[in-house]
Amino acid sequence: MRIVSLASGSGGNAYVVDSKYETLLIDCGLSYAELARRAYRAGIALANVIGVLFTHEHTDHTRGASMFEKRHPEVPFFANLSTAEAIGSKNFVVFENDQPFEFGPFEITAFSIPHDVSDPVGYLVKAEGKTYFHATDFGAPLESIGRKFFEANVATLESNHDSMLLERSNRPEYLKQRIRGDRGHLSNDDAARFVEIYSSYKLEYLALAHLSRECNEPHLVLKTMRDMLYSTQREDITLEILSQDEPSEGWVC
Ligand SMILES: [Zn+2]
Ligand SMILES: [Zn+2]
C-alpha cells in the first residue's frame, strides 16, 4: 500500500490509499482541477480510483464531491447514512459503522469519532497484509478510537492546534471552545498522548494531519510528538507533517 495526502487542513482535505492497481480516496475537499494537479504531482492516477470514502460532511472534506462525481460517474462514494444524506449526492454506497466490508483489494471499517456533525467517522483500511488508520476532525482521544489505532502499521492522525496558540489567538471565545471541545479538534498534546497510549510495536509511519494555520506550527507539532517518541523509545516511527498546500511524501508499506 502507498499512503499519500494531497491536502490536509480546514482549507481542504483529500487522502489517497493506493494498492497496486486500485486506489481509494478518503474525502474530496479540493476542486477537481486542484485534485488532479496534486494527484499528478504525487504520481497518483485518478483513473485508478475505485471509490471515495467520506469521513463527514464539513465542506473542507466534501467541496469537490459533486465535481468528482461528474468526472467519474462510475466511481461510488461510501459513507454512513447521515453523512450520505448530508452530502446529498446520488451516488452513495451506505455502510454501517463498525461493520467491515470488502471493496476491491481493500477491507474497510468505519468507526465513530466525536466531532460536531451527526455521524463522523475514521477508517481502518486493510490491504496487502497491512493496516492503515485514518482519523482527523475529532475532539476527544477515546479508547474506542485507540483500539483501532493499535492495529495500525501506518496512520494519519489529527494534530490540529497548540493549546497555548489557540488560547492567545484572536478567535472569538465560542470558536475556541468549539475547537478544544470534545466534538472539536485534537491538540498537539492530545495527539502525542494518544500515540503514547495506543500505538503498537507495528506502527512504522505516522502522518500528522489537519494542522490549524493560525493556531499551530509544524515545528511545534514535530517537537511535541518527537519528545514523546524519544521518551518512550519509539524513534523508529517515521513522522510526516501534512501540508494544506502540497502533496505529502507519503509512505509505502
Ligand atoms: Zn476538517
Ligand atoms: Zn470537520
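Which protein donors hold the zinc ion (ligand 1)? In this predicted model, where local features need pLDDT of at least 70, side-chain atom pairs count only at pLDDT 80 or more and totals for chains, interfaces and linings use all residues, the donors are Asp60 (OD), His61 (NE2), Asp137 (OD) and His210 (NE2), which lie 2.1 to 2.2 Å from the ion. Donors here are N, O and S atoms within 2.8 Å of the metal (3.2 Å for Na, K and Ca), and since water is not among the atoms, sites may look incomplete. Residues are numbered from 1 along each chain as its sequence is written, chains are lettered from A and ligands numbered from 1 in the order in which they are written, and side-chain values use heavy atoms, with hydrogens and water left out.

Along the chain, the donor residues of the zinc ion (ligand 1) follow the spacing D-H-x75-D-x72-H, and the angles among its four donor atoms run from 94 to 161°, an irregular site. Four donors count as tetrahedral if all angles lie between 85 and 135 degrees; four count as square planar and six as octahedral if opposite donors are over 155 degrees apart and all others between 65 and 115; anything else is irregular. Asp60 belongs to helix H2 (residues 59-62), while His210 sits in the loop between E12 and H9, so that this pair links distant parts of the chain, 150 residues apart. Helices (H or I, at least four residues) and strands (E, at least two) are DSSP runs, numbered from the N terminus. Asp60 counts as buried because its relative accessibility is 8%, and His210 counts as buried at 2%, where buried means under 20% relative accessible area, exposed over 50% and partly exposed in between (1.4 Å probe, protein chains only).

The donors of the zinc ion (ligand 2) are His56 (NE2), His58 (ND1), His115 (NE2) and Asp137 (OD), at 2.2 to 2.4 Å. Its four donor atoms subtend angles of 93 to 167°, and therefore this arrangement is irregular too. His58 lies in the loop between strand E4 (49-53) and H2, and His115 in the loop between strand E8 (106-112) and E9, so the pair ties together parts that are 57 residues apart in sequence. His58 is partly exposed, at 22% relative accessibility, whereas His115 is buried, with a relative accessible area of 1%.

Gly184 is found in the loop between helix H7 (173-180) and H8, and it counts as buried because its relative accessibility is 0%.

We turn next to the sheet. Seven strands form an open sheet in the order E7-E8-E9-E10-E11-E12-E13, with mixed pairing, where two strands pair if DSSP finds at least two bridges between them. Its edge strands, E7 (101-103) and E13 (238-241), each pair on one side only. Strand E9 (residues 121-127) and strand E10 (residues 130-135) run antiparallel and are joined by five bridges, and the partner of Leu124 in E10 is Phe133. Helix H8 (residues 188-198) lies across E10, strand E11 (154-158) and strand E12 (205-209), running at about 150° to E11; axes are lines fitted to C-alpha atoms, for helices over the stretch in contact, and angles run from 0 to 180 degrees between N-to-C directions.

Technical notes:
Contact means heavy atoms within 4.5 Å.
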